[in-house]
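Here is a guided walk through one structure, chain by chain. Keep the viewer open and follow along.

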Amino acid sequence: MVTLSAERPRSSLKIYLDILETVRDEGNTRPTRILYHANLSHDRLVKYLGELNTRQLLEERQDSDGKYYTLTAKGLDFINQVKKAEAFVMGFGLTI
Amino acid sequence: MASDTVISVLNILSGVVALLVSYYAYRSNRLVGNNLLRYISIGFLLLGLSLFLEAGTENLARTTPVNAASVRGVELGAFLVYTTMQFAAYLVFAWGYVLSTLRRPDGQSPAGAPSTTPATGASPALIGALAVRMIAVGTFILTIYLVSQLAIVILLLFIVYHGVLVFTRTKSNLSLMVLFGFILIFAAHILLFGAGTFTSSGLLVIGDTIQFCGFLALLFFLYWSGHVVG
């Protein structure tokens, strides 16, 4: 007998959204803060931050204490688009 | 005649909403990448185009004389096309829901218009033959209409059932709006089936009005999901 888990693993899109929302809410955000809020391992955090930086949704900056991330205008627009898509698919019983 | 105008306007407005839902399903699918969204987008596209064609055909029927046989031929062709498109649209929705249920983890062309001959300058025998032919065509249209409406009602019953399952699982207002929209469209097609069975133009107007209310519920859904700015 096959038992299906009620909880699906988070999709890449959902992880992107969690990271971007964390940076949007916190402002200039250190990687450890993102790691804590987005509930990711260090390796996966580095991978996703690299992807978001490459897509110019986040901007990586450096100060005397180390790296921090800020949300770009493109990143904010992406959050809004994904939130709308999330609401739309919810109407048909889907999740992002 | 006034009721024909009302039906045409309601069908055009319903078609606009259907195309809007199709567009937003397409856009959401580009982000989310789910097969059900692809089927919803294709289904509402077919539905929107068929409603425009239906409204156009009704306008043609209203504005041309009854004996314009060539125009009646075009109407018959259009009727077959939009009836098939509506049936295909609901079939696509149902198929999408079946696939999404089976794969939970990730998410006929109509016959051409018959050749027609102009009725102008016809002899009494020709007029008689034409009248018999028009009665035969009328019976054919009614049969196709009733069979397609019955098939659409059965498909919509399945879609509504799936909508109830989605709502009981998610308990979200957004899925309730989609369910409400499909319930109204389902009720409308039962009335449209009745309109064909009893050849009642009153039931036709009520059916098309309820169908429009169903699309209005879907428009509210788009508004609440943040897609249509009020």
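**Confidence and conventions**

Chain A has a mean pLDDT of 88, and 92% of its residues reach 70 or more; pLDDT is the predictor's confidence in each residue, from 0 to 100. Residues 1-5 of chain A fall below 50, and this stretch has zero contacts in the model beyond near neighbours in sequence. Two residues are in contact if their C-beta atoms, placed from the backbone, lie within 7 Å. Where pLDDT is low, the predicted coordinates should not be read in detail.

This is a predicted model, in which local features need pLDDT of at least 70 and side-chain atom pairs count only at pLDDT 80 or more, while totals for chains, interfaces and linings use all residues. Residues are numbered from 1 along each chain as its sequence is written, chains are lettered from A and ligands numbered from 1 in the order in which they are written.

**Chain A**

Start with the secondary structure. Chain A holds four helices and two strands. Helices (H or I, at least four residues) and strands (E, at least two) are DSSP runs, numbered from the N terminus. Along the sequence, the order is α-α-α-β-β-α. The C-alpha atoms of chain A fill a box of roughly 55 × 30 × 20 Å along the principal axes.

Of the 96 residues in chain A, 31% are buried. A residue is buried if 20 or more other C-beta atoms lie within 10 Å of its own, exposed if 12 or fewer, and partly exposed in between; the C-beta atoms are placed from the backbone. Consider the contacts in chain A between residues at least 6 apart in sequence: 44% of them join residues at least 24 apart.

Now find one helix pair. How do α2 (residues 31-38) and α3 (residues 42-54) of chain A pack? Their angle is about 110°, and their axes are 10 Å apart. Axes are lines fitted to C-alpha atoms, for helices over the stretch in contact, and angles run from 0 to 180 degrees between N-to-C directions. α2(A) and α3(A) are therefore roughly perpendicular to each other. The cut-offs are simple: under 35 degrees is roughly parallel, over 145 roughly antiparallel, 65 to 115 roughly perpendicular, and the rest oblique.

α2(A) brings A:Pro31, A:Ile34 and A:Leu35 to this contact, and α3(A) brings A:His42, A:Leu45 and A:Leu49. By class, that gives five nonpolar, one polar and no charged residues. Ala, Val, Leu, Ile, Met, Phe, Trp, Tyr, Cys and Pro count as nonpolar, Asp, Glu, Lys and Arg as charged, and the others, Gly among them, as polar.

**Chain B**

Chain B has six helices and zero strands. Of its 230 residues, 40% count as buried.

Look at α5(B) and α6(B), the latter spanning residues 201-224. Their axes come within 8 Å and cross at roughly 165°. That makes α5(B) roughly antiparallel to α6(B). Their contact residues divide into 23 nonpolar, six polar and no charged.

In helix α1 of chain B sits B:Val9. B:Val9 counts as partly exposed because 14 C-beta neighbours lie inside 10 Å. Its C-alpha atom is separated by 18 Å from that of B:Leu45, 36 residues apart along the chain.

**Where the chains meet**

The contact takes 22 residues from chain B and 16 residues from chain A. On the chain B side, α1 (2-32), α2 (35-63), α4 (124-170) and α5 (173-197) each supply at least two residues. That side divides into twelve nonpolar, nine polar and one charged.
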